[in-house]
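Reader: I would like to learn how to read a model like this one, feature by feature. Please give the idea, then the case.

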Amino acid sequence: MIKQIAWNTFKKTGNIDTFLELKQISNIEEDIRAENYEIIKSERNSNSRKNSIRL
């Protein structure tokens, strides 16, 4: 969605800096999502190990 906003802004203004700034924001959001996924994945793995030990 941000990529589309960035592209539309660039088309209207012709300012490449605006496009690049919005693109950086998009990349940061993707990195945050990836980090959150890794955290959740590791929490699930550690929780499953705890459950198997109890059995």
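This is a predicted model: local features need pLDDT of at least 70, side-chain atom pairs count only at pLDDT 80 or more; totals for chains, interfaces and linings use all residues.

Reader: How many helices and strands does the protein have?

Author: The secondary structure consists of two helices and zero strands.

Reader: What span should helix α1 have, and what do its end C-alpha atoms give?

Author: The expected span of a helix is 1.5 Å times one less than its number of residues. Helix α1 covers residues 2–13, twelve residues, so it should span 16 Å. Its end C-alpha atoms are 16 Å apart, which agrees.

Reader: Which residues does T9 touch, leaving out those up to four places away in sequence?

Author: Contact means heavy atoms within 4.5 Å. T9 lies in helix α1, and on that count it touches G14, T18 and L22. T9 and L22 are 13 residues apart along the chain, and their C-alpha atoms are separated by 9.4 Å.

Reader: Where is N8, and how far is it from F19 in space?

Author: N8 is also placed in helix α1. N8 and F19 are eleven residues apart in sequence, with 8.7 Å between their C-alpha atoms.

Reader: Are N8 and T9 buried, partly exposed or exposed?

Author: Buried means under 20% relative accessible area and exposed means over 50%, with partly exposed in between. N8 has a relative accessible area of 29%, so it is partly exposed. T9, at 23%, is partly exposed as well.

Reader: What share of the protein is buried, and what is its accessible surface?

Author: Of the 55 residues in the protein, 7% are buried. The accessible surface comes to about 5,000 Å², and carbon and sulfur atoms account for 55% of that surface.

Reader: How many salt bridges are there, and which side chains meet?

Author: The rule asks for a side-chain nitrogen of Lys or Arg within 4 Å of a carboxyl oxygen of Asp or Glu. By this rule the count is one salt bridge. The side chains of R33 and E29 meet in it, at 3.9 Å from N to O.

Reader: Why are R33 and E29 about one helical turn apart?

Author: Both belong to helix α2, residues 16–54, and they are separated by about one turn because they are four residues apart in that helix.

Reader: How exposed are R33 and E29?

Author: R33 is exposed, with a relative accessible area of 53%, whereas E29 is partly exposed, at 32%.

Conventions:
Residues are numbered from 1 along each chain as its sequence is written. Side-chain values use heavy atoms; hydrogens and water are left out. Buried means under 20% relative accessible area, exposed over 50%, partly exposed in between (1.4 Å probe, protein chains only). Accessible areas come from the Shrake-Rupley method with a 1.4 Å probe; for residues, only the protein chains shown count as cover.
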